[in-house]
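Reader: I have a model open and want to go through it in plain terms. Can we start with the charged contacts and work outward from there?

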Amino acid sequence: MFWFWFYQPLHLLMVACLCHSIKAPTTSSHQSFNTNLFNFYHSLILADGKETTVHLLKDIPKRYYFALEEGRALAPFTITVTPCDVPIEWSILVHKASASFLGKAERGDHGSQEVSMFQKAPSMVSTIFNYKGNSVETYMGMSSHSALYMLEFLSTERDTHITVYLTTDTTSGHLYPELPIDPRIDVIGIGHTTVTLTWKHSPSVLQHRDNIQYCLLVNEKHNYKSLCAAETAIRSSGMKVPPTLALSLSPYLLEPQQVMILSKSELSIINKVSSGEVRQVCMGTKNTYTVPNLSPSTQYYFDVFVVNLLTNASAAYTGTFARTLEEPEPKVRELKDGKMIQVVLDGKKQKFYSLQYQARHKKIQFTFQLCRGQVRVHISKNGKAVTSENISGLRYFSLKGKLLDTYLVQLSSTEESNSSVKVQVSTHFHKPLFPLLPESLKIKSFSKLRTCNSVTIAWLGTQEKSKYCVYKKRIEEHQVWTELQSADRCSGPESRPKSEKVLCKYFYEINLQRAVTTETIKGLEAGTLYLFDVYLFGPSGIPIRYHSKIVKTRKKC
């Protein structure tokens, strides 16, 4: 069966290989093919000097053929195969035919009997190379015009794709950048959140500095033997990335849904995948780089690729790995009874902020007011966990224990941006620090009551007589997201200009179902966006800020 696959197309392939150049066919040459059968066999001829992408189906071999151009004698050739996913099997077979037969094949005057004899000559076929694995492999050999070569590829694990590069021109420049004699990556520095790497320069960088650059890939799973394999893994992970600055570096490096950040002449591509973060950083021709913003006590794998920007071809250095240092124990701050403190958390640098309190009463109460971002609270008593949860708005934890119990509060930011929270511990339950809160802190606006110069808003009150102050601020369309995200929910009206104040009033309602108050703000401009805030003041004078509401006045009335 094997010889059938080799010889079945052989007589047509001999005509195609010997009567045409094996370089990529032009449009005119395509038009000269008269039958679909001939087009099919010609498509199996491997192009010279061009990288070819080959898609493989599981357990189905795929074959490509090549021979020298007409009139060439002995000549060197190289074949480079790059698996882009799973290991594959590939081999090179050669058929050495007699010169007399090939001469007749060129003239087209061979007879059916000679072709039959040609097909029955399996002893003239030999395997000169075979390989199994997922590494980039290159074969160098010597060919003659009296030989026909076949490349056979097989994937036994799953459907995949590879790239194949054949060249018989050893005098011009290389498609793939060259690697140094020692292609290893050296780790020269390790910190809690950084790793510093260095590698020897590629000879291609020294010769073609403008067209060559280094790209680094960082991930937490394993090393990749080619950039092609790395990008296949990233795509198969189902990355989801918010759109941002789109710069065109190279289609080999960049997919449209990837994020690219340009700063300090470095191009960073960050892919958020289900298993974590995969980063690609291209740093020009620098051969030393410090990878920032890593997690402490985490093992990372680092791969460096030297990339030819003109051809999109790349070569991989020998990957390495390193484990970042463990994070030092955080400093513990003492909490004092009844005193409120505000803690600012850096989502990138500071993992935990620790507070400690030694109880002087059996019953205590922790109060947390989220000011900005997202914060998780973990409380333990005498080394045993009591509670752990994400907080929003105002949150109370009433705990019961023994005298001199030691409570440890650990605060952490759940997002990369800065977060802040106010914390208080108290034994005086009858003197609440914050006012009684309504069921919801949302502000509602009435579209039907909106005019060109006025807006009507409403909010919930409580059974406790409290002071409410309304503030307004004119904003532009592009400021909406920034205003909502950067709002400090712990700050009071004292931080705002007096010109933004609309009014203050007292309100309460015994029947909670009727505890709703409204206010119509007049003197506004038509077709303009306004941000409205309501502040609630309790007996202690500490304000609670309702969720900001943005309303646009009518353009025409």
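Reader: Is Arg 158 buried, partly exposed or exposed?
Author: Arg 158 is partly exposed, at 42% relative accessibility. Keep in mind that this is a predicted model.

Reader: Which side chain does Arg 158 meet in a salt bridge?
Author: That of Asp 85, with an N to O distance of 2.9 Å.

Reader: How many salt bridges does a search of the whole structure find?
Author: The search gives 13 salt bridges.

Reader: Take Lys 505. What does it form a salt bridge with?
Author: Lys 505 pairs with Glu 519, and their closest N and O atoms are 3.1 Å apart. Here the link runs between strand β31 (residues 501–507), which holds Lys 505, and strand β32, which holds Glu 519, with the two residues 14 apart. Glu 519 is buried, because its relative accessible area of 19% falls under the 20% cut-off.

Reader: And Arg 545, which side chain does that one meet?
Author: Arg 545 and Asp 533 meet in a salt bridge at 3.1 Å, N to O. Arg 545 belongs to strand β34 (residues 543–545) and Asp 533 to strand β33 (residues 529–537), twelve residues apart.

Reader: Are Arg 545 and Asp 533 buried or exposed?
Author: Arg 545 is buried, with a relative accessible area of 12%. Asp 533 is buried as well, at 0% relative accessibility.

Reader: Back to β3. How many of its residues are buried?
Author: Eight of the nine residues of β3 (residues 75–83) are buried, so the rest of the structure largely encloses this strand.

Reader: What does β3 pair with?
Author: One partner is strand β6 (residues 137–143), in the antiparallel sense over seven bridges. There, Pro 76 stands opposite Met 142. Strand β8 (residues 160–167) also pairs with β3, antiparallel over six bridges. On that side Thr 82 stands opposite Thr 163.

Reader: How many bridges between β28 and β29?
Author: Two bridges, with β28 and strand β29 (residues 455–460) pairing in the antiparallel sense. In one of these pairings, Lys 444 has Ala 458 in β29 as its bridge partner.

Reader: What about Ser 297?
Author: Ser 297 has a positive phi too, near 50°. Its place is in the loop between β15 (288–291) and β16 (299–308). At 27% relative accessibility, Ser 297 is partly exposed.

Reader: Which residues form a nonpolar patch on the surface?
Author: Val 187, Ile 190 and Leu 325 do, with about 210 Å² of accessible area together. Ile 190 is in strand β9 (residues 185–190), and is partly exposed at 40% relative accessible area.

Reader: Last thing, the chain as a whole. How many helices and strands?
Author: Nine helices and 35 strands. Of the 557 residues in the chain, 45% are buried. The chain exposes about 29400 Å², and carbon and sulfur atoms supply 52% of that area. Among contacts in the chain with a separation of 6 or more, 75% come from residues 24 or more positions apart.

How values were computed:
Residues numbered from 1 in each chain as written. Predicted model: local features only at pLDDT ≥ 70, side-chain atom pairs only at ≥ 80, totals over all residues. Heavy atoms only, no water. Helix = DSSP H or I, 4+ residues; strand = E, 2+ residues; numbered from the N terminus. Buried < 20%, exposed > 50% of the residue type's maximum accessible area, 1.4 Å probe, protein only. Patch = residues over 30% accessible without salt bridge, like charges linked within 9 Å, V, L, I, M, F, W, Y side chains within 5 Å. Areas by Shrake-Rupley, 256 points an atom, 1.4 Å probe, with all protein chains shown as cover. Salt bridge = Lys/Arg side-chain N within 4 Å of Asp/Glu carboxyl O. Pairing = 2+ DSSP bridges. Contact = heavy atoms within 4.5 Å.
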